[in-house]
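Morning, everyone. Please have a look at the model on the screen, and then I'll walk you through it.

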Amino acid sequence: MRRGTGWPVAVGVILGTTVAANVWIIRIANADPSFAIEANYYQKALRWDDELAQRERNRTLAWQLTPTLSTISPDSGAELRVALRDPSGNPLVDAAVTVQALHNARAGEPLDVELRRVPAGDYVARLPMHRPGLWELRFDVRRGADHFTARHRLEAWAGTP
């Protein structure tokens, strides 16, 4: 090697190492399932008045949504059962109910499920959840022209294997 060529090689090695380290850090950051960003958060911020109007519609409808969650089975997840009642306490039997379930520690992996009505008047769905802990359930209920939303937090427990 000629004298003085070591510096350019050293600078190239340092720059290459820096680029490789940054690529490695980006891959680790993007692979973390516990990191989550609220979907469409900017659009939600722009539509804050719509959110407030929906909360007022929820108060006006005065529907009662009561979710219960079975213990988590390692094979099939957990059953979500929702009792949906009108202000008089009568079951709402002709509604379309969907839920988005987010584990508090893994909110980047949401579960979107449509619930089906059972003869008892409740709505049920099998959620493919396999992680115990605190879950946020975001409900969307539509019945004719009426639209109702609700959020609940439930603790999910693991069943005995």
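**Glycine 108 and its surroundings**

Let's start with glycine 108: setting aside residues up to four places away in sequence, glycine 108 touches Pro33, Phe35 and Ala36. Contact here means heavy atoms within 4.5 Å.

Some ground rules. This is a predicted model, where local features need pLDDT of at least 70 and side-chain atom pairs count only at pLDDT 80 or more, while totals for chains, interfaces and linings use all residues. Residues are numbered from 1 along each chain as its sequence is written, and side-chain values use heavy atoms, with hydrogens and water left out.

Back to glycine 108. It is found in strand β4, residues 106–117. Helices (H or I, at least four residues) and strands (E, at least two) are DSSP runs, numbered from the N terminus. The cut-offs are under 20% for buried, over 50% for exposed, and partly exposed in between, with a 1.4 Å probe and protein chains only. Now look at alanine 39. Glycine 108 and alanine 39 are 69 residues apart in sequence, and their C-alpha atoms are 9.4 Å apart in space.

Next, asparagine 58. It is found in helix α3, residues 48–61. Asparagine 58 is buried, because its relative accessible area is 13%. What does asparagine 58 contact, leaving aside neighbours within four places in sequence? Trp63, His147, Phe148 and Thr149.

Now the core. The largest nonpolar core has 29 residues. Such a core is a set of buried Ala, Val, Leu, Ile, Met, Phe, Trp, Tyr and Cys residues joined through side-chain atoms within 4.5 Å. Which residues have the most contacts inside it? Leu80, Leu84, Met129 and Phe139. At least two residues of this core come from each of β1 (64–69), β2 (78–85), β3, β4, β5 (123–127), β6 and β7. Take leucine 84. Not counting residues up to four places away in sequence, its contacts include Trp63, Val97, Tyr123 and Val141.

That's my tour. Thanks, everyone.
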